Amino acid sequence: MPHVLLQSLERVERVIARCRELASITDVAGETTRTYLSPATRDAHALVLGWMREAGLSTQVDAVGNLRGLRAGLSPQAPRLLIGSHIDTVVNAGAFDGILGVVLALELIEDLADTPLPYAIELLAFSEEEGVRFRKPFLGSLAVVGELTPEDLALPDAHGTTMEQAIAHFGLDPAEYAAARLAPESFAYLEIHIEQGPVLESEDRPIAAVHAIVGQTRMSLRFTGQANHAGTTPMHLRHDALAAAAEWIVAVEKLGQATPGLVATVGSAEPKPGLGNVIASEVLATLDIRHADDDIRHAAVAKAVAAAQSAADARGVTLSTSTSIDQTAVPMAPHLLALMEAAAKASGYDGTPLTSGAGHDAVILARRVPAIMLFLRSPGGLSHHPGEAVLIDDVEAALTTAMEFLRRLRDDVLSGSAQAGREAHA
């Protein structure tokens, strides 16, 4: 694997140090917790805006709190590349999820210095992606693609403050949220992100292009049986909701193991009354199924529900289901994927694409412009965890590959291929 040259070490260390500095800005002492438009967000804004201005960007904070920095193109009508990620966090987070993509984009822009490009670059630091405060993710990027709604603005947080009120309290004008839409000359979106999983580490690879972000189905299943005395009710006369759920949970695990590329998870199963000497009368369980191919995902969901019904029927237990999320898979733009793979290879790395099992702002931006992602290895597979980390060589690999991607994108724009890709996407 290529190693960081001494002259590159300073910039890599600066990227990591900036991420650590942002991680110290928190609403909860002793951990990194920074939710949408919280008090810590104001300090994070000041820090990142300062870095943007040092990099020569013209800056603004849009009406929903996204930070935006623009490196102008050769003309006011120049096509615009969007590069971004988010600066909010989950509760008790690590230092690199989302933030790394913003800081790496800044480093790329600083490395470009006065290098002329036929396109402008807009850096987007989304103030909301995780969905912690208002229990809905991607509020920042939804505003950018014009899909934030009045119903979203009415969402309350745990203290009853609505999103609209939070925006106003932050000193912004919620009535102007429509003005956050991306510029019409925007032609592509790039997001650099830690993998948040163990695949790259298992393959001993520093980086990979992303070919698709998986589709997701999230459901609740309720098994309803009959509570009874655990000592006096013979096994053949029971209607045990927990036993039905247990059989189904194992079936879900086997389904995931038997289907390439599928992940299937029962993350929660809550029995009632939950007593050691009482047969469970009810179990409320969750189901999370993901795959990059929506047909395979939907088929797996049908099999999982059928397995639940079979386990319930065998015990005289009833089953009810509800679906909370049915999100389609999002393929990355083929022409941008080809450019990223070629950029990785030219930089000395194996950029063979992999699938993203988590959602990202690219899911939303891809609705309006061609999108591509570049992943970095997550040591230990950790993310959404204080132990989240990156390796120096991997940060260098991402910077080198992304810079080569920008060069190749320059040629793409000059040849007209980028516009053709934008039109094909539309």
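## Leu-37

Leu-37 sits in the loop that runs between α1 (6-23) and α2 (39-54). In this predicted model, the phi angle of Leu-37 is near 55 degrees, a positive value in a residue other than glycine. The residue has a relative accessible area of 7%. That value is under 20%, so Leu-37 counts as buried.

## Arg-135

A positive phi also occurs at Arg-135, where the angle is near 60 degrees; this residue, too, is not a glycine. Arg-135 lies in the loop between β4 (120-126) and α4 (139-144).

Is Arg-135 buried or exposed? Its relative accessible area is 55%. Because the cut-off for exposed is over 50%, Arg-135 is classed as exposed. Leu-37, by contrast, is buried.

## A cis peptide bond at Pro-273

The peptide bond joining Lys-272 and Pro-273 is cis, with omega at about 5 degrees. Pro-273 belongs to the loop between β9 (269-272) and β10 (282-291).

## Division into domains

The protein chain is split into two parts: domain 1 covers 1-213 + 329-419, and domain 2 covers 215-327. Taken over C-alpha atoms, the centres of domain 1 and domain 2 are 37 Å apart.

## Interface between the domains

How many residues of each domain are in contact with the other? On the side of domain 1 there are 9, and on the side of domain 2 there are 8. Together the two domains bury about 480 Å² between them, and carbon and sulfur atoms account for 49% of that area. Within domain 1, the residues that lose the most area to domain 2 are Ala-329, Gly-357 and Val-363; together they make up 62% of what that side buries.

Polar contacts are present: 2 residue pairs, both at pLDDT 80 or more, are counted between the domains. Among the elements of domain 1, strand β6 (residues 207-213) gives the most to the side that touches domain 2, with 3 residues. By class, this side of domain 1 has 5 nonpolar and 4 polar residues, and no charged ones.

Conventions
Residues numbered from 1 in each chain as written. Predicted model: local features only at pLDDT ≥ 70, side-chain atom pairs only at ≥ 80, totals over all residues. Heavy atoms only, no water. Domains from an automatic or database assignment. Contact = heavy atoms within 4.5 Å. Buried area = accessible area lost by both parts, 1.4 Å probe. Polar contact = N/O pair within 3.5 Å; in protein donor to acceptor, adjacent residues only side chain to side chain. Helix = DSSP H or I, 4+ residues; strand = E, 2+ residues; numbered from the N terminus. Nonpolar A, V, L, I, M, F, W, Y, C, P; charged D, E, K, R; others polar. Buried < 20%, exposed > 50% of the residue type's maximum accessible area, 1.4 Å probe, protein only.
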